[in-house]
Protein chains: 2
Amino acid sequence: MAYATTRFAENGYHPTSVAEIVQGLGVGKGVFYWYFASKEELFLEILRDAQRQLRRRQEAAIADEPDPVRRIELGIRASMAWFDGNRAVVKLLQFASTEERFAPVLRRGQDVAVADTARHVKEGIVEGRIRDLDPFVLSHAVLGVTGHLAREFVHERSQSVEDVAEVAVAFCLEGLLGAQ
Amino acid sequence: MAYATTRFAENGYHPTSVAEIVQGLGVGKGVFYWYFASKEELFLEILRDAQRQLRRRQEAAIADEPDPVRRIELGIRASMAWFDGNRAVVKLLQFASTEERFAPVLRRGQDVAVADTARHVKEGIVEGRIRDLDPFVLSHAVLGVTGHLAREFVHERSQSVEDVAEVAVAFCLEGLLGAQ
DNA sequence: ACCGTTCTTGACCGCTCGGTCAAGTTCTTC
DNA sequence: GAAGAACTTGACCGAGCGGTCAAGAACGGT
């Protein structure tokens with residue numbers, strides 16, 4: 001499954017054939033169809049696995065931090081770190097969102113992640129520390145920044161995760177203009 | 001080309017065959033290969049066209065606004081409006097970034113857009129109105145927010161472009177915490 | 001009226017794909 | 001050590017792909 005993930009990420013899902021995967025693994029085609037119902041099912045499995053991993057990582061990072069704003073920050077940093085260590089999977093997640101067939105699975109996972117962040121945002125609003133805008137839109141904004149910066153600077157330009165995470169946190173919390 | 005764009009967006013690039021496109025258009029296959037060298041070339045043409053369109057729209061919106069911060073805001077609103085009117089193309093741009101073959105074309109267009117935004121950000125920093133962080137990272141952050149919110153709320157949830165643009169601008173300029 | 005260029009057709013080609021399956025091998029259990 | 005379950009193989013299949021091309025229609029200049 002790890003090998004298939006890298007092949008899919010390098011070549012694209014459709015251009016990568018089952019034959020190519022099993023050949024690279026040095027096994028017969030039959031063994032593939034013994035463990036997976038189809039090529040599509042394998043891909044869905046990879047997707048679900050990735051979402052579980054990311055979620056666990058985020059939860060572990062946030063642990064029992066009481067400050068909601070700090071929880072958001074820790075979530076951003078944890079996501080960025082996971083994106084850094086799973087470049088191939090990130091590419092697959094991005095591709096999956098462009099195919100009608102895979103979008104539903106993706107959507108479910110994303111909704112969970114957003115709901116988590118939105119909870120912290122709501123708390124922040126109640127405490128009067130976050131401006132009173134739609135928490136779901138704000139959560140998605142945070143998600144958008146984190147994902148895009150990770151892809152652009154950590155993956156494409158190999159910049160340090162910590163540096164990029166630092167700017168991402170600064171941008172999400174205080175925007176371009178800064179707060180003082 | 002418009003028809004091919006919607007087919008690619010609905011079905012995905014690879015699953016959509018040339019036969020399907022020409023049949024939907026009610027023409028023979030030969031006429032396709034008279035105007036385009038290959039399926040790939042058609043796709044690249046769509047990509048380049050989209051980037052040109054978006055750029056023109058942004059430039060028109062910014063026109064000769066003197067305030068750099070306001071230029072950024074106008075750029076966000078213009079992008080959001082274009083994303084709203086070109087859902088299919090947006091999906092294609094997103095797909096293209098996951099295929100090694102199309103990434104270079106995309107990259108060039110994005111770099112131009114980012115360089116534009118970065119210019120305004122730099123001006124803002126010089127004027128002391130934008131915090132002193134890497135202008136390129138900040139520009140990408142803005143781009144990430146705008147794209148993600150457009151896809152999520154304008155495309156998927158059919159919310160009003162103006163409302164989403166409003167929050168996007170607020171988030172980009174002042175972040176979650178707000179500045180006062 | 002004629003001819004060369006431009007444009008259009010769809011049957012056709014070679015190839016590769018996802019998936020099947022009869023056959024064989026290895027592991028587990030008693 | 002026999003028997004059956006679990007696993008593995010790769011040749012094979014029908015389907016569909018991107019792309020070609022001989023044939024001809026439409027058009028424009030003279």
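In the predicted model, helix α7 of chain A, which spans residues 103–126, comprises 24 residues and extends 33 Å from its first C-alpha to its last, close to the 34 Å expected at 1.5 Å a residue. The buried residues of this helix are A:A103, A:V105, A:L106, A:A113, A:V114, A:D116, A:T117, A:A118, A:H120, A:V121, A:G124 and A:I125. The elements that cover these buried residues include α4 (39–62), α5 (68–85), α6 (87–96) and α8 (135–156) of chain A. Just after helix α7 of chain A, A:G128 adopts a positive phi of about 75°.

In chain B, helix α6 (residues 87–96) is mostly covered, with seven of its ten residues buried. The buried residues in this helix are B:V89, B:V90, B:L92, B:L93, B:Q94, B:F95 and B:A96. Their cover includes contributions from both chains: α6 of chain A takes part, together with α1 (2–11), α4 (39–62), α5, α7 (103–126) and α8 of chain B.

Two residues of helix α8 of chain B were examined individually. B:S139 is found in this helix, which covers residues 135–156. Because its relative accessibility is 1%, B:S139 counts as buried. The side chain of B:S139 reaches the backbone oxygen of B:P135 at 2.7 Å. When residues up to four places away in sequence are not counted, B:S139 touches B:V114, B:T117, B:A118 and B:V121. B:H140 also has its place in helix α8 of chain B. With a relative accessibility of 1%, B:H140 counts as buried. Neighbours within four places in sequence aside, B:H140 is in contact with A:H148, A:L149, A:E152, A:F153 and A:R157 of chain A, as well as with B:Q110 and B:V114 of chain B.

A search of the whole structure identifies 44 salt bridges over all chains. One of these joins A:E73 and A:R70, with the closest N and O atoms 3.4 Å apart. The two residues are three places apart in helix α5 of chain A, so they are separated by about one helical turn. An α-helix has 3.6 residues a turn, so residues three or four places apart point the same way. A:E73 is buried, with a relative accessible area of 15%, whereas A:R70 is partly exposed at 36% relative accessibility.

A further salt bridge in chain A links A:E166 with A:R77, the closest N and O atoms being 3.2 Å apart. Because A:E166 lies in helix α9 (residues 161–174) of chain A and A:R77 in helix α5 of chain A, the pair ties together parts that are 89 residues apart in sequence. A:E166 is partly exposed, with a relative accessible area of 45%, and A:R77 is likewise partly exposed, with a relative accessible area of 26%.

In chain B, a salt bridge is formed between B:E73 and B:R77, whose closest N and O atoms are 2.9 Å apart. Both residues lie in helix α5 (residues 68–85) of chain B, four residues apart, about one turn of the helix. B:E73 has a relative accessible area of 15% and is therefore buried, while B:R77, at 25% relative accessibility, counts as partly exposed. Salt bridges also form a network, in which A:R107, A:D111, B:E152, B:E156 and B:R157 are linked.

On the surface, a nonpolar patch is formed by A:L25, A:V27, A:V31, A:W34 and A:Y35, which together have about 580 Å² of accessible area. Helix α3 (residues 29–35) of chain A provides the largest share of this patch, namely three residues. A:W34 is found in helix α3 of chain A. This residue counts as exposed because its relative accessibility is 70%, above the 50% that the term exposed requires.

Note on methods: Residues are numbered from 1 along each chain as its sequence is written. Chains are lettered from A and ligands numbered from 1 in the order in which they are written. This is a predicted model: local features need pLDDT of at least 70, side-chain atom pairs count only at pLDDT 80 or more; totals for chains, interfaces and linings use all residues. Side-chain values use heavy atoms; hydrogens and water are left out. Patches are made of residues with over 30% relative accessible area and no salt bridge: like charges are joined within 9 Å, nonpolar side chains (Val, Leu, Ile, Met, Phe, Trp, Tyr) within 5 Å. Accessible areas come from the Shrake-Rupley method with a 1.4 Å probe; for residues, only the protein chains shown count as cover. A salt bridge is a side-chain nitrogen of Lys or Arg within 4 Å of a carboxyl oxygen of Asp or Glu. Buried means under 20% relative accessible area, exposed over 50%, partly exposed in between (1.4 Å probe, protein chains only). The expected span of a helix is 1.5 Å times one less than its number of residues. Contact means heavy atoms within 4.5 Å. A polar contact is a pair of N or O atoms within 3.5 Å; within protein, one must be able to donate a hydrogen and the other to accept it, and residues adjacent in sequence count only if both atoms are side-chain atoms.
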